[in-house]
Amino acid sequence: MPEAPPSLAVRIAFGIYKTVVSPILHAFSPSQCLYLPTCSEYAYIAMVRFGPVRGSWMALRRFARCHPFSKGGLDPVPGGNPEPPNSVSIHTDHLP
């Protein structure tokens with residue numbers, strides 16, 4: 001199932017968080033994220049993939065798992081099409 005394009009509201013909220021809220025939060029708490037993808041990236045992917053209601057619920061559950069006693073690590077949004085472990089991925093978004 002192809003991912004739906006994110007709604008304008010989701011893109012605006014994510015942009016505001018990444019450019020305004022996140023830097024302010026990191027100024028008061030310089031700790032690094034425990035999970036990969038970060039909670040904001042997880043929320044964005046979840047809302048794009050599952051819509052605003054279910055995506056927000058999934059993001060809230062993920063945020064609740066993020067605490068000092070959490071082991072962290074790789075925690076992708078479920079329901080994606082993961083690449084086979086031995087496949088080579090070429091991302092062209094950063095190439096000239």
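**View 1. Tyr42 sits in helix H2.** Helices here are DSSP runs of H or I with at least four residues, strands are E runs of at least two, and both are numbered from the N terminus. This is a predicted model, where local features need pLDDT of at least 70, side-chain atom pairs count only at pLDDT 80 or more, and totals for chains, interfaces and linings use all residues. Residues are numbered from 1 along each chain as its sequence is written, and side-chain values use heavy atoms, leaving out hydrogens and water. Tyr42 is buried, at 4% relative accessible area (buried is under 20%, exposed over 50%, partly exposed in between, with a 1.4 Å probe and protein chains only). Leaving aside residues up to four places away in sequence, Tyr42 touches Met58, Ala59 and Arg62, among others (contact means heavy atoms within 4.5 Å).

**View 2. Helix H3 has a buried side and an exposed one.** Gly55, Met58, Ala59 and Arg62 are its buried residues. Seen down the axis, they fall within an arc of 100 degrees, so they line one face of H3 (the arc is taken from the directions from the helix axis to the C-beta atoms). Their cover includes strand S1 (35-36) and helix H2 (39-50). On the face turned away, look for the exposed Val53, Trp57 and Ala64.

**View 3. Helix H1 meets H2.** Val10, Arg11, Phe14, Tyr17 and Lys18 of H1 come up against Ser40, Glu41, Tyr44 and Met47 of H2.
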